[in-house]
Amino acid sequence: MAIFNNGKYKSILAAESGELAEIAQTVQKDTNFRPHFHIAPPTGLMNDPNGLIFDGEKYHLFYQWFPFDALHGMKHWKHLITKDFQHYQSADDLIPCELFESHGCYSGGALKIDDKLAMFYTGNTRRPSDNQRVPYQNLAIFDLNGKLLSKRPLIENAPEGYTEHVRDPKPYFAENGKIHFICGAQRENLTGTAIIFEMDNLEDTPRLLGELSLPAFDNNKVFMWECPDLLKLGDKDVFIWSPQGKLRDAHQFQNNYHAVYAVGKLEGLTFHAEHIAELDQGFDFYAPQTFAGLSKTENAILFGWIGLPDLTYPTDKFKWHSALTLPRELRLEGNKIHQRPIAKTYENLTALSTHHLDGKAEIADLDRAYVKFEANNQAFDLTFLQNEQGQSLRLSYENRLVCLDRSQSEQTALMEKFGNKRFCEIENLQTVEIFFDRSIVEIFFNHGEKTMTSRFFIEARKNVVESNRKLTLQIGYPKAIQYR
């Protein structure tokens, strides 16, 4: 075992006595923005959800975590276990302590094999002679109680024809019963793709099968595919990934990076897509992953990162950064994915009530509430959570176009760089559902036809909503997450 402590490449094993407790005290000074019912890191920076797996009884959830500050330093995998997505218990984390992960444990996925959980992940290393990145694809074995049993490297270096940017292995069982895993990759000509490996069993050495071909996707300007995820949903194949460099559009793909899905049929290494679309059109959504171990013909559950690469947030000064979405159930409507929070989220809503909104009204604890209304395909303009400085969050709909406007809220320079408004085209908007959680908003249109997930920052806000038309609001309150 090695204890790494080199600048931002610092393992939690190198923490000094009381260091994390002192950082936690700084986190607790944030009385405005820490979420109530979303998973956020106890300290430091969180990013991608990793290793999502249902073991037949419990859900195991990992996420990328740098414990010491709100920056992308040495990545660990923080490990939580839950049966109900309400109560979470800590289990063994994946902590970088070997040379094949000397600069962090990057993203990956999981499979249940017999009575063990196999975590596939990328080991980030750098060659001492020239600081060149050398990627490893690694395997960690956990038992069903969340105890780490072993870990070992599977592949050293990127395959011939690819740069050092090969990462994020997501495993699945192929139709022939063998273990496959798909990695995001960058070709030597600096274009993005994904490559697939095969193993007979966990003791085997992986063999490269080749690239995933996706002819229907416009890969122009795309330099990297991150966080690939292949799964079945109903009788369709689904591919979810995060292509970096895709050109931005006026009303979609509006961020610096995006999460995309394709629905169709996988034949060999070719994915014949019937439909390709962005998964979420808010300001802050990236690197989603679905749970292995579920019957994907009936259901699939997804977490996404409420954040983006290369962004800073006002909470960084409190030494915490980002959160995860609510767990979302995916379903197919034709060849399009619809997504909503899992049923348990709705079952756990408390203090359900109805408000007849005419103009401006105060709603208790609006900043941690669920709000639902029927738009009836008519224009509306709503302003939420105003404060004395004139800050607020605005949501409007007109001419088949939703606009989420956070221009009148606190933003860092990097947040402002990509604009203050996000748009979403919806032909016939009927139902709007909003989950507010202090500095997070998740919005679902038409029972999940489209979604918008974002951060927003309004200090000393008043729990008020103002509308330019009469609306009947259904209000409820999600229960707070409990950690054991």
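First, the ground rules. This is a predicted model, so to speak of local features we need pLDDT of at least 70, side-chain atom pairs count only at pLDDT 80 or more, and totals for chains, interfaces and linings use all residues. Residues are numbered from 1 along each chain as its sequence is written, and side-chain values use heavy atoms, with hydrogens and water left out.

Start with strand β9, residues 133–143. Strands here are DSSP runs of E, at least two residues, numbered from the N terminus. In β9, 11 of 11 residues are buried. Buried means under 20% relative accessible area, with a 1.4 Å probe and protein chains only. Look at the two faces. Arg133, Pro135, Gln137, Leu139, Ile141 and Asp143 point one way. Val134, Tyr136, Asn138, Ala140 and Phe142 point the other way. Both sets are buried.

Now its partners. Two strands pair if DSSP finds at least two bridges between them. β8, residues 116–126, runs antiparallel to β9, with 11 bridges. Thr125 has Val134 as its bridge partner in β9. Six residues separate β8 and β9 in their hairpin. In that turn, Asn131 has a positive phi of about 65°.

Then β10, residues 148–156. Seven bridges join it to β9, again antiparallel. Tyr136 sits opposite Glu156 of β10. This hairpin has four residues between the strands, and Gly146 takes a positive phi near 90°.

Next, Lys75. Where is it? In the loop between β4 (59–66) and β5 (76–82). Lys75 is buried, yet it has no salt bridge. A salt bridge needs a side-chain nitrogen of Lys or Arg within 4 Å of a carboxyl oxygen of Asp or Glu. The nearest side chain of opposite charge is Asp48, 6.7 Å away. For charge, Lys and Arg count as positive, Asp and Glu as negative; His and the chain ends are not counted. What does Lys75 touch, leaving out residues up to four places away in sequence? Leu45, Asn47, Gln64, Trp65, Pro96, Gly104, Cys105 and Tyr106. Contact means heavy atoms within 4.5 Å.

Last, the open sheet. Six strands, antiparallel pairing, in the order β25-β36-β27-β32-β33-β34. The edges are β25 (350–357) and β34 (450–455), each pairing on one side only. Neighbouring strands are turned by 15° against each other on average, direction ignored. Axes are lines fitted to C-alpha atoms; angles run from 0 to 180 degrees between N-to-C directions. At one end, β33 (440–445) meets β34 through six bridges. There, Ile440 stands opposite Arg455.

Note on methods: Buried < 20%, exposed > 50% of the residue type's maximum accessible area, 1.4 Å probe, protein only.
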